[in-house]
Amino acid sequence: MASSGILRVLGVDPGLTRCGVGVVDVARNRSATLVHVGVVRTEPSMPIEQRLAAIAAGLRAVMDEHLPDVVAVERVFAQQNRSTVMGTAQASGIALLLAGERGLPAATHTPSEVKAAVTGYGSADKLQVQTMVARVLRLDALPQPADAADALALALCHAWRGGASSGGGAPAAALTPAQRAWADAARLAKR
């Protein structure tokens, strides 16, 4: 957290076609201010290496302009469509790599963790998430598209669940059994 007591968080909702990015400043009292929101887009017809390079360039530009303290990325989860999960994992890896290159702490959060942090309900729908993000950030309209709103929600979730620390942020006692198991597995993998 910056000496001003404000934590600047870059949230990334990874995807190959649309990669949502959102930057928020969050104070110790949990109040938040919108700094930047957008989407890095690539065409499905582009070769994969060009799509990943375009995502990296877009994320670098946001990092260069807004200088986040920490990066929060949506954790890839199992889906029916393998190509979708692969593209999401690849874009997620780019965001985590760029954080690592800059020495920034990074954390991943599941969609249900983000929904629960922002709406109080882990199965909230997209409209509920967008509505709460708009309310928290005092926006006149819902953030669009949904990928951008999800990136803002990721940033808020991370700041509210522990802030600058990497690995998810929340104290062990605040984690669900599944989250504790994930954190334990991540710690073992680092050895």
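Visitor: In which loop is proline 145 found?
Guide: Proline 145 is found in the loop between helix 4 (126–136) and helix 5, where helices are DSSP runs of H or I with at least four residues and strands are DSSP runs of E with at least two, both numbered from the N terminus. The model is a predicted one, in which local features need pLDDT of at least 70 and side-chain atom pairs count only at pLDDT 80 or more, while totals for chains, interfaces and linings use all residues. Residues are numbered from 1 along each chain as its sequence is written, and side-chain values use heavy atoms, with hydrogens and water left out.

Visitor: What is the peptide bond from glutamine 144 to proline 145 like?
Guide: That bond is cis, with omega near -15°. In general, most peptide bonds are trans.

Visitor: How many helices and strands does the protein chain have, and what pattern does the chain follow?
Guide: The protein chain has six helices and five strands, and along the sequence these follow the pattern β-β-β-α-β-α-β-α-α-α-α.

Visitor: What makes a residue such as glutamine 130 buried?
Guide: A residue is called buried under 20% relative accessible area, exposed over 50% and partly exposed in between, with a 1.4 Å probe and protein chains only. Glutamine 130 has a relative accessible area of 9%, so it is buried. Glutamine 130 is found in helix 4, and, not counting residues up to four places away in sequence, it touches Leu142, Pro143, Gln144, Pro145, Ala146 and Ala149, a contact being heavy atoms within 4.5 Å. Across the 191 residues in the protein chain, buried residues make up 46%.

Visitor: Why is arginine 30 called neither buried nor exposed, and what is its phi?
Guide: The relative accessible area of arginine 30 is 45%, and therefore arginine 30 counts as partly exposed. Arginine 30 lies in the loop between strand 2 and strand 3, and its phi is near 75°, which is positive although the residue is not a glycine.

Visitor: Is leucine 67 buried or exposed, and where does it lie?
Guide: With a relative accessible area of 59%, leucine 67 is exposed.

Visitor: How do you know what span is expected for helix 1?
Guide: The expected span of a helix is 1.5 Å times one less than its number of residues. Helix 1 (residues 48–66) has 19 residues and reaches 27 Å from its first C-alpha to its last, close to the 27 Å expected.

Visitor: Which residues of helix 1 are buried, and what covers them?
Guide: The buried residues of helix 1 are Arg51, Leu52, Ile55, Ala56, Gly58, Leu59, Val62, Met63 and His66. They cover an arc of only 165° around the axis, which puts them on the same side of helix 1, the arc being that of the directions from the helix axis to the C-beta atoms. The face turned away from that buried side carries the exposed residues Glu49 and Glu65. What covers the buried residues of helix 1 includes strand 1 (6–13), strand 2 (18–27), strand 3 (32–41), strand 4 (70–74) and helix 2 (82–101).

Visitor: With which residues is isoleucine 94 in contact?
Guide: Leaving aside neighbours within four places in sequence, isoleucine 94 is in contact with Leu52, Ile55, Ala56 and Leu59. Isoleucine 94 lies in helix 2 and, at a relative accessible area of 15%, is buried. Isoleucine 94 and alanine 56 are 38 residues apart in sequence, yet 6.2 Å apart in space, C-alpha to C-alpha.

Visitor: At what angle do helix 3 and helix 5 pack?
Guide: Helix 3 (residues 111–119) and helix 5 (residues 146–160) pack at an angle of about 75°, with their axes 9 Å apart. That makes helix 3 roughly perpendicular to helix 5, because angles of 65 to 115 degrees count as roughly perpendicular, under 35 as roughly parallel, over 145 as roughly antiparallel and the rest as oblique. The axes are lines fitted to C-alpha atoms, for helices over the stretch in contact, and the angles run from 0 to 180 degrees between N-to-C directions.

Visitor: Which residues in helix 3 and helix 5 meet?
Guide: Glu113, Val114, Ala117 and Val118 in helix 3 meet Ala153, Leu154, Leu156, Cys157 and Trp160 in helix 5. The residues of this contact divide into eight nonpolar, no polar and one charged, where Ala, Val, Leu, Ile, Met, Phe, Trp, Tyr, Cys and Pro count as nonpolar, Asp, Glu, Lys and Arg as charged, and the others, Gly among them, as polar.
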